[in-house]
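Please look over the model shown below. This report walks through its strand pairings, its helix contacts and a handful of single residues.

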Amino acid sequence: MNTSKPKIVVLGAGYAGLTTVKRLTQKLSPEEAEIVLVNKHNYHYESTWLHEVAAGTINPNQARVMLSDVVNPNRVRLIYDTVVEVKKEEQRVVLENSEITYDYLVFALGFESNDFGIKGMDEHAFAIEDIDSSRLISEHMEYQFAKYKMDENADDESLNILIGGAGFTGVELLGELAEKVPELCKKFDIDRNKARIISVEAAPSILPMFDKDLVDYAKKSLEDRGVEFRIGAPISECTPDGFIVGDDKELIKAGTVVWTGGVKGSTVLGKSGFELTKGKVNVDADLRLPGEENFFVLGDCSWVWDKEADRPYGPTAQLATQEADVAANNLKALLTNRPLEEFVFKSKGTVASLGVTDGIGTVLDDYKLRGKSAAAMKKVVDNRSLFLVGGTKYLLKKGKIRPF
């Protein structure tokens, strides 16, 4: 291999990292740059589907795409290893089993759960972080139902499923649980009324990113299917038995406890000595670290400022893929001595699922969807994501073409 070529190293094969790699292979000839993709696993996973894996409503393999199937190995060197630290001054990435140097770096290692320092949360609650952690939730939940059925002295509270946080991920998980719990009750011949699904949220409302009428619709839809909400109830501690909430320190017991209350960027950022703001780094409008010529940070690891709203853009899959497009353009510009472009997010709307046949959403400049039309739109969004990652082949193989 010609070592005189500039080496572009991309860390992470989530939406941002994988899209960057695919765009680079389209924009650059093999002679212009060597492209390296470093990822912990040999697959990309649809992180927006993890709540379904956690509830057990889809098979984990449906949310997984093998990297060797969607990345041309003749154009991209694939390294399956865990990133430990980035030594920026030396332009070197330390991996668990080796290390690699770079001329240009794209840092896109994704998110980790953020417990905001709540006592016991990290030790006693499950979190939706990747395929394995999500699968563990569904397996544990089913185990609780099986154990209850086997033990005639079992406590009903062991069937309780307690979800901390009623933001996007938490509510989508509730929608899937509203589908799954009746199935589990039927499977193990347990009275549906004995298995409670409880959502605990410190804020005065669920889903802060949606208008009140859509929030009210979502809340009623979930309540009608057995979900209980405890709104305005901050969690002070997570114990082996459940959450301690509110001023009166009430203990809500459950056999399955899941925290969905927030995420932060990869801990590699902190280990590498970067200045963090709420677990992420601030980047310039061209998506580079301030003061750095060759270092881009994308997706859940960075804050990008929305000048119109005067706040950072919220972390979403569509944000990550749009950032990847601009990062690839800017890498091409650096290699060809052209000016870099600034990133401006173009929202295509937001849709939240509430189960297979229900949802809420805002698309096309505030056109509101609810019910089956929102659920259908959610499947369109998911299928588009699959198509962008793996083309028609993967869309047909793993796409959500479930009938209503």
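Two strands count as a pair if DSSP finds at least two bridges between them. Strand S2 (residues 34-39) and S5 meet that rule with five bridges, in the parallel sense. The model is a predicted one.

Strands of a sheet pair through backbone hydrogen bonds, either parallel or antiparallel. Here, an open sheet of five strands shows parallel pairing, in the order S5-S2-S1-S9-S21. Its edges are strand S5 (76-80) and strand S21 (295-297), each of which pairs on one side only. From one strand to the next, the twist averages 15°. Within the pairing of S2 and S5, Leu 37 has Leu 78 of S5 as its bridge partner.

Strand S16 (residues 242-245) takes part in two antiparallel pairings. On one side, four bridges join S16 to strand S15 (residues 235-239), and the two run antiparallel. S15 and S16 form a hairpin with two residues between them. Thr 239 has Gly 242 of S16 as its bridge partner.

The other partner of S16 is strand S17 (residues 250-253). These two also run antiparallel, joined by four bridges. Gly 242 has a bridge partner here too: Lys 253 of S17. The hairpin of S16 and S17 has four residues between its strands. In this hairpin, Gly 246 takes a positive phi near 70°.

**Helix H1 and its two partners**

H1 (residues 15-27) packs on H10 (residues 372-398). It also meets H9 (residues 317-335). The table sets out the geometry.

| Helix pair | Axis separation | Angle | Crossing |
|---|---|---|---|
| H1 and H10 | 10 Å apart | about 45° | left-handed |
| H1 and H9 | within 8 Å | roughly 35° | right-handed |

How are H1 and H10 oriented to each other? They are oblique. Angles from 65 to 115 degrees would count as roughly perpendicular, and those under 35 degrees as roughly parallel.

H1 passes H10 in a left-handed crossing. On the H1 side, the contact is made by Tyr 15, Leu 18, Lys 22 and Arg 23. H10 supplies Ser 385, Leu 388 and Val 389. By class, that contact has four nonpolar, one polar and two charged residues.

The crossing of H1 and H9 is right-handed. From H1, the residues in contact are Tyr 15, Ala 16, Thr 19, Thr 20, Arg 23, Leu 24 and Lys 27. From H9, they include Ala 317, Ala 320, Thr 321, Ala 324 and Asp 325. Ala 328, Asn 329, Leu 331 and Lys 332 of H9 also take part. By class, the contact of H1 with H9 has eight nonpolar, four polar and four charged residues.

Is Gln 322 buried or exposed? Its relative accessibility is 12%, so Gln 322 counts as buried, the cut-off being under 20%. Gln 322 is found in helix H9. Leaving aside residues up to four places away in sequence, Gln 322 touches Phe 343, Val 344, Phe 345, Lys 346 and Lys 348.

Arg 64 has its place in strand S4 (residues 64-66). With a relative accessible area of 15%, Arg 64 is buried. The C-alpha atoms of Arg 64 and Tyr 45 are separated by 4.4 Å, although these residues are 19 residues apart along the chain. Leaving aside residues up to four places away in sequence, Arg 64 touches Tyr 43, His 44, Tyr 45, Ile 131 and Lys 398.

**Two loop residues with positive phi**

Most residues other than glycine have a negative phi. Gln 91 has a positive one, near 50°. Gln 91 lies in the loop between strand S6 (83-87) and strand S7 (92-95). Its relative accessible area is 27%, so Gln 91 is partly exposed.

Asn 337 also has a positive phi, near 55°. Asn 337 lies in the loop between H9 and strand S25 (350-353). At 73% relative accessibility, Asn 337 counts as exposed.

Notes:
Residues numbered from 1 in each chain as written. Predicted model: local features only at pLDDT ≥ 70, side-chain atom pairs only at ≥ 80, totals over all residues. Heavy atoms only, no water. Axes fitted to C-alpha atoms, helices over the stretch in contact; angles between N-to-C directions. Parallel < 35°, antiparallel > 145°, perpendicular 65-115°, else oblique. Left-handed = near helix turned anticlockwise from the far one by under 90°. Contact = heavy atoms within 4.5 Å. Nonpolar A, V, L, I, M, F, W, Y, C, P; charged D, E, K, R; others polar. Buried < 20%, exposed > 50% of the residue type's maximum accessible area, 1.4 Å probe, protein only.
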